[in-house]
Amino acid sequence: MNLTLRIWRQHSPEDKGAMVTYRVEDISPDMSFLEMLDVLNEELILSGEEPVAFDHDCREGICGACGVVINGQAHGPERTTACQLHMRSFKDGDTIDVEPWRAAAFPVVRDLVVDRSAFDRVIQAGGYVSVPTGSAPEAHATAVPKESADYAFEHAECIGCGACVAACPNGSAMLFTSAKINHLNVLPQGAPERETRVLNMVAAMDGQGFGGCTNTGECATACPKGIPLPSIAAMNREYLRALRKR
Amino acid sequence: MGKKAVMAGTGVVMLLFLVVHMLGNLKIFFGPENFNAYAAWLRTIGEPVLHESWYLWIQRTGLLACVVLHGVAAYQLSRRDLAARPAKYVHKQSRASYATRTMRWGGVIVGLFIVWHILDLTTLTVNPRGQAGHPYENVVADFRVWWVDVVYIVAILALGLHIRHGFWSAAQTLGAVNKRRDRALKTTATVLAAVLTAGFLVVPVAVMSGLVD
Amino acid sequence: MDFSDYRVGEPVADTKAPDGPVADRWDRRRFEAKLVNPANRRKHTVIVVGTGLAGGSAGATLAEQGYHVVQFCFQDSPRRAHSIAAQGGINAAKNYRNDGDSVHRLFYDTVKGGDFRARESNVHRLAEVSVQIIDQCVAQGVPFAREYGGLLDTRSFGGVQVSRTFYARGQTGQQLLLGAYQALSRQIDAGNVELHARTEMLDLIVVDGRARGIVARDLVSGEISVHLGDAVVLATGGYGNVFYLSTNAKGSNATAIWRAHRKGAYFANPCFTQIHPTCIPRSGEHQSKLTLMSESLRNDGRIWVPKAAGDTRAPADIPEDERDYYLERIYPAFGNLVPRDIASRAAKNVCDEGRGVGPGGQGVYLDFADAIARMGRAAVEEKYGNLFEMYERITAEDPYSRPMRIYPAVHYTMGGLWVDYDLQTTVPGLFAIGEANFSDHGANRLGASALMQGLADGYFVLPATINDYLARGPHDPVPAAHPAVQDAVSGVEERLGRLLAVGGDRTPDSFHRELGELMWDECGMARTESGLRKALERIPALRDEFWRRVKVPGTGEEFNQSLEKANRVADFLELAELMCLDALHRAESCGGHFREESQTPDGEALRDDERFSYAAAWEFTAAGAAPVLHKEELVFEYVHPTQRSYA
């Protein structure tokens, strides 16, 4: 298939940036979206232009490195990551707009690459259980109800790609933050730090310049791992609970 | 996130007031005496412990505080939210519902309406009849003016949308939503919004159609 | 002198390995190792490169102990290291099932599974530590699968007879990595770890024979920086991407270990690569990586190809008697459940006969029709639903109604930097952990053992052994102006400058692809002397062409992904040659290394313990020049070598 791409090109954070139009031909429907960008980049290099910078690594939907906004949707039209989106989701002759994640907390590094280190700082504020190596009790010392374990897992699946922030009209990281809080707070292992975790992580989240939640639900719709919207409500519950207990 | 809780809390208080307000409004269908007597009774709530109209002033103060807090928090949160997303996408595609997307402007419309509504039917400053102690007649006079109907209807529709998203939103902010309750809460929000919208709109419609005269 | 005219040097000895009963050795080594006074640890800087299971856990643990850790990852966040993609599980000798498992049995299975090319001492230690890993990870909040009673669930994996594999759905690697990442994050917040993300190590700094630091490039600004410390730990993963197409992440590369090798660290058993039998076949020339499907699929799926070569009918149109269920035919006892290397080779053989299916004839069917008929669709969906979904997303074929197509792909590299019992390389002060070293898997890695080894090294082994090195100081500060530092920096700058200056007409990827194809053909699933010699002839020519014709746009002082790529490909072009030489010299078949000249009459791998019961540790001499081979004899006191048989 032949496609027209309009891609955001921005040389550096200071550069103003603009959409640039490219054409790609003979694209196989079996290609992933990123493989289609590879084809474009190979052509750009050979024609003496600079290739389009984009983040990617595992290309199997788990590392969370890739992520671009395709036709206004984070990761494109399918509920998956850009690396697992295949060109059969598009039609011959389509024009596809490709833009970087947009959020104040995710400044553009170059082209489609953004700086998501704000996520790391949110985790650093409390997204862990303080258990130095070697100090752990026997694994079976505490039974964890299967329901809690499954709930924890469902939230632990977050890959930190940032699609939630990109999709949110407020650039909010509530879904990301809530996923980690709910993962750890439901487990007995996470209980001792339950209150400090939510208070510190929320404070860090606010401090990183993410917006607030206006419950538009865009985040959960864009999430390739299906972290559900009630996850945010659960975090709010934890937060209010922690405020009362403090 | 404290401010979000303020928004949710004040929103819920105002919502409760609106339910009572709407029920009171419906008394208009029982005729002028009934309606005017109800209005007069409102001033006597709390007597003899409270002096005349004291309760009313307490409630007015409380509601005013809610409106101000709700508005200020909304303003501050909105400023932060807009700052968190300075650059827009070139390719625009919004999937959120209309109610969700109109929260900010809907809120402003409702806020302006409240000011006009008080000037109209509480202080009677802009009411076409403006006779104190005769709320029934004032209301009827109001809704005989076409543009008052338009203003009122637009505001109530905005209010309905605001409640539709706001109620569920408050539940989310206060942590009441979970996977099991999610659907029930969304339905409640829709029903609540529909009932309130209908309950408020039925009055001008009745006046316009001559059912209430 | 020709590259393949290598010289055999002095044997390399593991001087740190304690003797005595194998079960006591780790205790003894820990006791004998010197300790660093807690008050003095802060004064020691340890550089850790990589943030995967091994690096992340090591960085966190060393920081908890009080060392000052400076850590690097080329990804934008430590959470993205490729350990995250591991699906299956992690082994531990917990014996929660009461099914006869023990530390000794895990030790035994691992030595045997590695086809007797691993060290007994190391493997036993790995088995001992495995139980602590599970405790640690559970305490961190890793959401392992649990049973209704709230206790941990296990499953059996990779043909072993006990159920010792702990798992978190199909995302065990992700959950374990996030556990390590969170522990690391805690130390970053506490100021004990200084993290440099999007920063790639480009050279090792060796001062007076000791590893004292690294030269790194900030991938955003392009700035070249020097980081000095008392010890350097490489946790940079494997080198499977030398094949271009592999299940590794696109960024996985060999630059750190290859640069260390060039600076004196021996590279052991480079030819030992694991090829995983159940991957989704490539769909065309554009393919950029291969995706693994959990091998648990082989429990219920039946593997077949058409009996006739060149049969292009749709699978449903091929009648039962014209299908060849070749694994069931050749290995009636094990059928579709033969070990990874055997299943992979059998698939290659039928495809070589022209009986492969799908685009390019590089695939075999994995058919669930019988399983669906037997168990019902719902049961199959319950068991494999997520895998079927993943398959359908990638191929747009419905595996419920049409057999899956699978083909082997490079998955893991057992070879790596040679390390002693302390995980120290032949360069004092340079340690290698996880997939980056060669240590514990011998010639073949068992399923669910990679996660175990990465975390064992990072959480428990390295933090206990590195003390000994650090305590045996002094580690006098190295001035930034030291000639060794300046040489390393100018070497890196010169190399990047050269890459940018070529201005040729081929992209870095095109060279990588060509190298990968060559390696897959000649140094892949089956290797021959003539093929390897051909590759050894071709690689230097390709390398030469690379340096004449590569085109790298942009500059070095900016975010430049082409430059990153070209630099990695340049190292793959050197490493590939050593892999082929190692494969050529090892004229036996063992584990993942299959030499067609060395097989039993029925086509099985034939080991030659007389001549090859050693780890081959190669010493670098000069680029393109013949290396020196140092052998480490392997001694088997507890698990006695036997020939594998699955017929």
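**Notebook: chain C and its two domains**

I looked up the distance between the centres of domain 1 of chain C and domain 2 of chain C, taken over C-alpha atoms, and found 30 Å. The model is a predicted one, in which local features need pLDDT of at least 70 and side-chain atom pairs count only at pLDDT 80 or more, while totals for chains, interfaces and linings use all residues. Residues are numbered from 1 along each chain as its sequence is written, and chains are lettered from A in the order in which they are written.

I then noted the bounds, which come from an automatic or database domain assignment: domain 1 of chain C covers 277–410 and domain 2 of chain C covers 483–611. Where they touch, five residues come from domain 1 of chain C and five residues from domain 2 of chain C, a contact being two residues whose C-beta atoms, placed from the backbone, lie within 7 Å. On the side of domain 1 of chain C that touches domain 2 of chain C, helix α9 (residues 340–352) of chain C gives the most, with four residues.

Turning to the whole chain, I recorded 17 helices and 21 strands for chain C; helices (H or I, at least four residues) and strands (E, at least two) are DSSP runs, numbered from the N terminus.

I also checked burial, and 60% of the 647 residues in chain C are buried, where buried means that 20 or more other C-beta atoms, placed from the backbone, lie within 10 Å of the residue's own.

Last, I noted that the C-alpha atoms of chain C fill a box of roughly 75 × 60 × 50 Å, taken along the principal axes.

Note on methods
A residue is buried if 20 or more other C-beta atoms lie within 10 Å of its own, exposed if 12 or fewer, and partly exposed in between; C-beta atoms are placed from the backbone.
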